Amino acid sequence: MLDRAFSARRTQPHSLFDVPTSSAVSDVSPDAESAELLADESKTKKPHLYVLASNYMSRLGLVKSPCLCLSLCLLLSVFILFSLMLNSRSFVCLSSYDPISRASFFGLDGLDSDFGSLGVPWCRSKQGKTVEWTSKDLVKGLEEFVPIYETRPIKNNMHGMGFDHSFGLWFIAQSLRPDIMIESGAFKGHSTWVMRQAMPDTPIISLTPRHPEKYLKKGPAYVDENCTYFAGKDFVDFGSVDWERVLKKHGISDFSKVLVFFDDHQNELKRLKQALKAGFNHLIFEDNYDTGTGDHYSLRQICDQFYIRGGGHSCFKDSDEARIRSKRKKFWEKAVDIDELCGPHEAWWGVRGEMRDNFNHNNTPISYGEHFQNSRFVESILDVYWELPPAAGPSLTHQTRYDPARAPTPIVEDGRYRIFKRLGLDRLERSVFNGYTQMVYLQISKPET
C-alpha cells in the first residue's frame, strides 16, 4: 500500500479509478465531442511560444545573428498569440484583476506544478482495497448533481459545505445506498438536504447542538420530515449515544449498512475510535484538513508521516520546501509557509505540533512519537481511504483558497472548458468552489491480531 501513497506530481492511482480521468471523460462523452475533448487536452500540452519561434528561426538559419533572431522571435511570438486569440473558439479571456489567472497564464505559478519536496500523504489501508466507483462514474455523477444543487434551499451556505463536498456526500451516499444515515453536525441543514437528495426514502439521524429550525428565523434553512434530531435540549454527542438502542428503534441491526457523516470539527482520531467501538464501518469526514491548517486533528494530518510517500516535512528555513511554500503562499490563501507550519522545537505535525479539537478550543501538544503511533493505529483499522477530488481545476472554477498541489487530480482537469460547460459547472457562482478541504471516505474494521 506504500506505493499507493502519492505525491502531487502523480495522478490518482489507477487502482483507485478503473480508468484514468482523461480517458474516462472521453468515455462518457458523445462521439461528436471526441474532437473537442482532444482539443481541450492539447491546450495543456502546447510548447511555449518562444520555443516555437526559436525553432522557426533555426530553420531559417538566422540564429547566427542574435539581435535579428531576438527581434524576429518576439514578432513571431506576438503573431502566434494573436492568432490563437482570434481563431481559437475555446480561448479563455483572463481578467487583469484576477492575479491567479494571470500568474497561471504567464507561467509564474504552474497549476499542475509538482510540489517539489512536498507531496500528498495517502493513508495506507490493511489490504490495499479501494473504492468501486471510477472516474467515469464521478463525471456522470457531476452531470446529474449540478441541476440538483441549483435547487438547494440555502443558496449562501457560508461556513458550511460548498459545491465540491456537497457533490461528494451526495455521490458517496448514492453509491453505498445505506439503510440509514447519521450526521454529526448539521448547521443550517444543508448536509441533511444533500443526503435527502441522494436517498429520498432513507431515514436520517442528525446530531447537532442547535436545531436547524432555529436558523429559519434569520434566513433559509432546511428541516427534514424523515429525520430524527438530537438537537437543542435533546442534543447528545456522537460518542455518548447508545447506538444499538437508537438504531434498533429504526429496525437496523446490521451496522455495516449505516453511513456516518462527520462535519462537527472534532478530533477525527477521537471520532474514529468512537465509530469503531460502536461497530460502524462506513465513515465520511467533511473537513480533512491538511497539515498546518484547520481547527481539529484530521486523518490527513495523522497520515502525514516520513515513511509515507509525500509525507513528512522540514522546518529548515533555507530548504527547497521553505522556498516552495513561500512562493505558493503568494497565490493560494490556504497555503502554509514554514513559519506557520512549524512550532516550538521544529514540531510540524498536526498544527505546529498540536492535536487540535473542538473548534480549536482544545490545543494539546503531542510528541512526534505520539503522532507516529496514531498513524499506526489508523493503518491497523483502515480498509479503504479515498479523498474526494476537486470537481474541477482552479483555472476553471477560479478558486483561490486551497493549493491544487496539495490535492488529488480534479475530476475535470484544467483546460477542459467544454466538459466543464457541458456538465453545467459554468453556471455556478465561483464562491461555491472555495470550500474544498479534502473530504475523505473511510471503510474501517477492527484490527487484525
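Q: Which residues of H8 are buried in this predicted model?
A: In this predicted model, a residue is taken as buried under 20% relative accessible area. H8 is mostly covered, with eight of its nine residues buried. The buried residues are His190, Ser191, Thr192, Trp193, Val194, Met195, Arg196 and Ala198.

Q: Against which elements do the buried residues of H8 pack?
A: Eight of the nine residues in H8 are buried. Their packing partners include both helices and strands, namely H6, H7, E1, strand E2 (204–208), E3 and E4.

Q: At what angle do H7 and H8 pack?
A: Two packed helices are described by the angle between their axes and the distance between the axes. For helix H7 (residues 163–176) and helix H8 (residues 190–198), the axes lie 8 Å apart. The crossing of H7 and H8 is right-handed. The packing angle is about 40°.

Q: How many residues in the contact of H7 with H8 are nonpolar, polar and charged?
A: H7 contributes Ser166, Leu169, Trp170, Ala173 and Gln174 to this contact. From H8 come His190, Ser191, Val194, Met195, Gln197 and Ala198. The division is six nonpolar, five polar and no charged.

Q: Which strands stand at the edges of the sheet?
A: The sheet is open, and its seven strands follow the order E3-E2-E1-E4-E5-E9-E8 with mixed pairing. Each edge strand has a single partner strand, so one side of each is left without a neighbour in the sheet. The edge strands are E3 (227–231) and E8 (382–387).

Q: What angle does the direction of helix H10 make with that of E5?
A: Helix H10 (residues 268–278) packs on the sheet. The strands touched by H10 are E1 (180–184), E4 (258–262), E5 (282–285) and E9. The angle between the directions of H10 and E5 is about 165°.

Q: Which residues touch the most other members of the largest nonpolar core?
A: This core holds 48 residues. The elements giving two or more residues to the core are helix H6 (135–149), H7, H8, E3, E4, E8 and helix H17 (417–422). The residues that touch the most other members are Phe163, Phe167, Val412 and Leu425.

Q: Which residues does Val412 touch, not counting those up to four places away in sequence?
A: Val412 belongs to the largest nonpolar core. With residues up to four places away in sequence left out, Val412 touches Leu142, Ala391, Ala392, Gly393, Leu396, Ile419, Phe420, Leu423 and Leu425.

Conventions:
Residues are numbered from 1 along each chain as its sequence is written. This is a predicted model: local features need pLDDT of at least 70, side-chain atom pairs count only at pLDDT 80 or more; totals for chains, interfaces and linings use all residues. Side-chain values use heavy atoms; hydrogens and water are left out. Two strands pair if DSSP finds at least two bridges between them. Helices (H or I, at least four residues) and strands (E, at least two) are DSSP runs, numbered from the N terminus. Contact means heavy atoms within 4.5 Å. Axes are lines fitted to C-alpha atoms, for helices over the stretch in contact, and angles run from 0 to 180 degrees between N-to-C directions. A crossing is left-handed if the near helix is turned anticlockwise from the far one by less than a right angle, and right-handed if clockwise. Ala, Val, Leu, Ile, Met, Phe, Trp, Tyr, Cys and Pro count as nonpolar, Asp, Glu, Lys and Arg as charged, and the others, Gly among them, as polar. A nonpolar core is a set of buried Ala, Val, Leu, Ile, Met, Phe, Trp, Tyr and Cys residues joined through side-chain atoms within 4.5 Å. Buried means under 20% relative accessible area, exposed over 50%, partly exposed in between (1.4 Å probe, protein chains only).
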